[in-house]
Amino acid sequence: MKYIVFDLEWNQPQDKSQMILEPIKFVGEIIQIGAVRMDGALKIEDTLDIMIKPIYYTVMHSRVEDLTGIDEADLEEGVSFSEAYKRFMEFCGEDFCLMTWGGDDIRILTSNMTVHNLPFPAELKSYNLQRVYGKQIAKEKKQIALETAVEALGEPPYDAHNALNDAMSTARVCRHLDLKQEKMTVRHFRQS
């Protein structure tokens, strides 16, 4: 099995009145996917960095732009979400487990798949490494910032709020965790 550490950056509507509500409440449109593929020994095999041109929330929200440094000119060079998702799934391969820092990225990924009418895998295996780090290392149940974990472990930092950089930082933290102690989350999806 391959371990895929991934991070997303997403844009949001300018205000709540512009939010898409059907077929789901669409809180964020993905504009960047960053991923790190690791083998069973958690050794990095490859990375992926994709910029995505949004079609729903096309005007960058000022907070998102300030946080990520991504502007509308950057997004013009991006691919469609369908193409990005295809590349991401090819990068993941056949047998994989997704790993994220926190629970938002899986939720945002599945909401974008729904809005873009893309197929779900039969099952999706994942770990929330923020939760695992809190349990195993910080010994706290509260949410701990990725930057805090990287610093506490003495790992060299990457610039935050870039999807690939955050995925790389998460992969570095992951190497300090014992995943065998943890139960992975498995989500099953009905196939149409």
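**Close-ups of a predicted model**

**View 1. Strand E2 and its partner E1.** Strand E1 (residues 2–11) and E2 run antiparallel and are joined by 9 bridges. Strands here are DSSP E runs of at least two residues, helices are H or I runs of at least four, and both are numbered from the N terminus; two strands count as paired if DSSP finds at least two bridges between them. Residues are numbered from 1 along each chain as its sequence is written, and side-chain values use heavy atoms, with hydrogens and water left out.

View 2. 10 of the 10 residues of E2 (residues 29–38) are buried, so the strand is largely enclosed by the rest of the structure. Buried means under 20% relative accessible area, exposed over 50%, and partly exposed in between (1.4 Å probe, protein chains only). E2 also runs antiparallel to strand E3 (residues 44–51), with 7 bridges joining them. Methionine 38 has isoleucine 44 in E3 as its bridge partner. The two strands make a hairpin with 5 residues between them, and leucine 42 in the turn has a positive phi of about 65°.

View 3. Step back and you get an open sheet of 6 strands in the order E3-E2-E1-E4-E5-E6, with mixed pairing. E3 and strand E6 (185–188) are the edge strands, each pairing on one side only. Neighbouring strands are turned by 30° against each other on average, direction ignored; axes are lines fitted to C-alpha atoms (for helices, over the stretch in contact), and angles run from 0 to 180 degrees between N-to-C directions. E5 and E6 pair in the antiparallel sense over 4 bridges, and serine 126 stands opposite threonine 185 in E6. Helix H3 (residues 81–92) packs on the sheet, touching E1, E2, E3 and E4, and its direction makes about 180° with that of E3.

View 4. In H5 (residues 129–138), the buried residues include Leu129, Val132 and Tyr133. Among the elements covering the buried residues of H5 are strand E4 (96–100) and helix H7 (163–174), where contact means heavy atoms within 4.5 Å. Just after H5, lysine 139 takes a positive phi of about 55°.

Terms used: Predicted model: local features only at pLDDT ≥ 70, side-chain atom pairs only at ≥ 80, totals over all residues.
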